[in-house]
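Visitor: I've got a model open and want a quick tour. Can you walk me through the sheet and the helices?

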Amino acid sequence: MQSWSRLWGLPTLSQEVKVRFNGRLRTTVARLLSSVEVIEVGPRFVASQSKRREILCHELAHAAANRRRGGRQPHGAEWAALVRRAGFDPVTRLTVSQKSSRSKQSRDGRYEHRCLVCQFVRVARRPVRSWRCAECVRCGLPGNLAVCGPVEFVSWEGEKPITVLWNLPEPVPEALRDKLRVPQGDNSKG
Ligand SMILES: [Zn+2]
Ligand SMILES: [Zn+2]
């Protein structure tokens, strides 16, 4: 995303446009919320690993075109030229998988490290703050993983709104975590 921003003469664009996951997007792969400059990606984005760069480029080009001249036609000449400069064909429909991977639940006091963009999950016995999502880093995103403590979460395909999970504040600080920890043999609570 950074390299496209520079290529398009809008070097700060990639930092200003945020990317976030929206589990409720059913047919839409991704979309740009123009007013707030947020790219929302859905389960189909997650399922189409090989096209993620292209999808992000498509949406970021919308944001770039909007800034350049208010982009009246979403897929107009300005937008198409930006996508072409980034090395992709300016297509408006992508064939992506219908499958969406189900979120794993963390169990047994394991820490779930979750990418809040593509929902990549890596589980470990301890929180590892240095881990990044390789796939998102490849797409030019920060790739930060949110570390979720040893609790069970609902799947993002479940009934409960995913915002319960994605809006988790900063993880509990290390010092507090020990105090809050459920006693051994009482893992059912918490
Ligand atoms: Zn579009
Ligand atoms: Zn990711």
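Guide: Terms before anything else. Two strands pair if DSSP finds at least two bridges between them. Helices (H or I, at least four residues) and strands (E, at least two) are DSSP runs, numbered from the N terminus. This is a predicted model: local features need pLDDT of at least 70, side-chain atom pairs count only at pLDDT 80 or more, and totals for chains, interfaces and linings use all residues. Residues are numbered from 1 along each chain as its sequence is written, with chains lettered from A and ligands numbered from 1 in the order in which they are written.

Visitor: Fine. In what sense do E1 and E3 pair, parallel or antiparallel?

Guide: Parallel, over four bridges, with E3 spanning residues 38-41. Lys18 stands opposite Val38 of E3.

Visitor: And E2 with E3, parallel or antiparallel?

Guide: Antiparallel, again over four bridges. Here Val38 of E3 is the bridge partner of Leu33.

Visitor: What's the strand order overall?

Guide: E1-E3-E2, in an open sheet of three strands with mixed pairing. E1 (18-21) and E2 (30-33) are the edge strands, each pairing on one side only.

Visitor: Which residue takes a positive phi in the hairpin of E2 and E3?

Guide: Glu37, near 55°. That hairpin has four residues between the strands.

Visitor: Switching to E2. Which residues are on its covered face?

Guide: Ala30 and Leu32. Arg31 and Leu33 are on the uncovered face. In a regular strand the side chains alternate between the two faces of the sheet.

Visitor: Is Ala30 buried or exposed?

Guide: Buried, because Ala30 has 23 C-beta neighbours inside 10 Å. The cut-offs: buried means 20 or more other C-beta atoms within 10 Å of a residue's own, exposed means 12 or fewer, partly exposed is in between, and C-beta atoms are placed from the backbone.

Visitor: What does Ala30 touch?

Guide: Not counting residues up to four places away in sequence, Ala30 touches Ile39, Glu40, Val41, Gly42, Phe45, Ile55 and Glu59. Contact means C-beta atoms, placed from the backbone, within 7 Å. The C-alpha atoms of Ala30 and Ile55 are separated by 7.1 Å, and the two are 25 residues apart along the chain.

Visitor: Now helices. At what angle do H4 and H5 pack?

Guide: About 130°, with axes 9 Å apart; H5 covers residues 77-85. So H4 is oblique to H5. Under 35 degrees counts as roughly parallel, over 145 as roughly antiparallel, 65 to 115 as roughly perpendicular, and the rest as oblique. Axes are lines fitted to C-alpha atoms, for helices over the stretch in contact, with angles from 0 to 180 degrees between N-to-C directions.

Technical notes:
Contact = placed C-beta atoms within 7 Å.
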